[in-house]
Amino acid sequence: MMKLSQENYYDVSPLEYMSASTFKQMYQNEAAFIASLAGEYELFTDSTALLVGNYLHSYFESPEAHAAFIKEHPEIISSRGSSKGQLKTSFAKAEQMIKRIEDDAVIVNLIERAKAHEVIIQGKIDDVLWKGKVDALNVKEGYFLDYKTVRTLKDDGAEWVDMPDGERIRYDNFIEARMYHVQMFVYKTLLEQMYGKKFMPIIVAVSKEDEPIADLYGLSDDVLEGGKVLVETYQNRFVDVLNGKESPKIVADHSRFYNSRYRVSEVKIV
């Protein structure tokens, strides 16, 4: 097992280490992810949502990390019109979301006690190598934090999700809808391997609504078990697909990837 560092973390191939993001993308559409690795398909054409999340993450990491993020991404600053020199709308909203978190003493106390940031973790789950980065960690008290920006927290972010088999399912919370329970199960497992003690995952969620709301979510044993089942069910297949031992499945999800490759095989009778 190679030693991961801040310098090489993002350079490590998915063929060497599974990650929560790789797992989620392959679960959604194996063929699209494999095509992206080959440079034949761009998974994300709009990076704004990702950058907004990173903007918030860097703020709570450290003033230095936040300043570096802004310097590395000048595109978040408006360069023309009356707003020239100011944050673009999405990032002004991120500032509002940050303030909403900081206005809540309970959340701030939890964040301030988790002093280790962007902690790299690695280990094995049933002989499959995994890696991850923990947003904030308190080893002594046995908990870790993960920051999530979400569309809404009304009804705990319940939403409908299109499954790979074409079924449409309503999840009662954004955690399972967005497969964050997979990520939290993996992080908890790797941390417990590394430190030899139990850890509690806590999600710090803040909404993108006109008036944001922030909240804390712990994951029940049942929800974590659901993440575990998904990992155990799919990880070995995903490893085989990544290594060319199995052919990737293309999902009829009407994504850009599927639509561009769809070809008529017969006349549909309606």
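## Val108 and its helix

Leaving out neighbours within four places in sequence, Val108 is in contact with Ile101 and Glu102 (contact means heavy atoms within 4.5 Å). Val108 sits in helix α6, residues 105–113; helices (H or I, at least four residues) and strands (E, at least two) are DSSP runs, numbered from the N terminus. With a relative accessible area of 21%, Val108 is partly exposed: buried means under 20% relative accessible area, exposed over 50%, and partly exposed in between (1.4 Å probe, protein chains only). Ser47 is 61 residues away along the chain, and its C-alpha atom is separated from that of Val108 by 28 Å.

## Ground rules

This is a predicted model, in which local features need pLDDT of at least 70 and side-chain atom pairs count only at pLDDT 80 or more, while totals for chains, interfaces and linings use all residues. Residues are numbered from 1 along each chain as its sequence is written, and side-chain values use heavy atoms, with hydrogens and water left out.

## The chain as a whole

The protein chain has 10 helices and seven strands. Along the principal axes, the C-alpha atoms fill a box of roughly 60 × 55 × 40 Å.

Of the 270 residues, 44% count as buried. Looking at contacts with a separation of 6 or more, 63% are between residues 24 or more positions apart.

## Helix α2

Helix α2 covers residues 30–37 and is mostly covered, with six of its eight residues buried. Those are Glu30, Ala31, Ala32, Phe33, Ala35 and Ser36. What do they pack against? The buried residues of α2 pack against α1 (20–28), α9 (221–242) and α10 (256–261).

The N-terminal end of α2 is capped by Asn29, with a side-chain oxygen 3.3 Å from the backbone nitrogen of Ala31. Just after the helix, Gly39 takes a positive phi of about 75°.

## Asp146 in strand β3

Asp146 belongs to strand β3, residues 143–150, and counts as buried at 2% relative accessibility. Its side chain makes a polar contact with the side chain of Lys148 at 2.8 Å and another with the side chain of Gln183 at 3.1 Å. A polar contact is a pair of N or O atoms within 3.5 Å; within protein, one must be able to donate a hydrogen and the other to accept it, and residues adjacent in sequence count only if both atoms are side-chain atoms.

Not counting residues up to four places away in sequence, Asp146 touches Asp135, Gln183, Met184, Tyr187, Ile202, Ile203 and Val204.

Ser207 is in strand β6, residues 200–207, and is buried at 0% relative accessible area. The Ser207 side chain makes a polar contact with that of Glu209 (2.6 Å). Setting aside residues up to four places away in sequence, Ser207 touches Met97, Val150, Arg151, Thr152, Leu153, Pro212 and Ile213.

Asn173 is in the loop between β5 (168–171) and α7 (174–177). Is Asn173 buried or exposed? At 15% relative accessibility, Asn173 counts as buried. Apart from residues up to four places away in sequence, Asn173 touches Asp156, Gly157 and Ala158.
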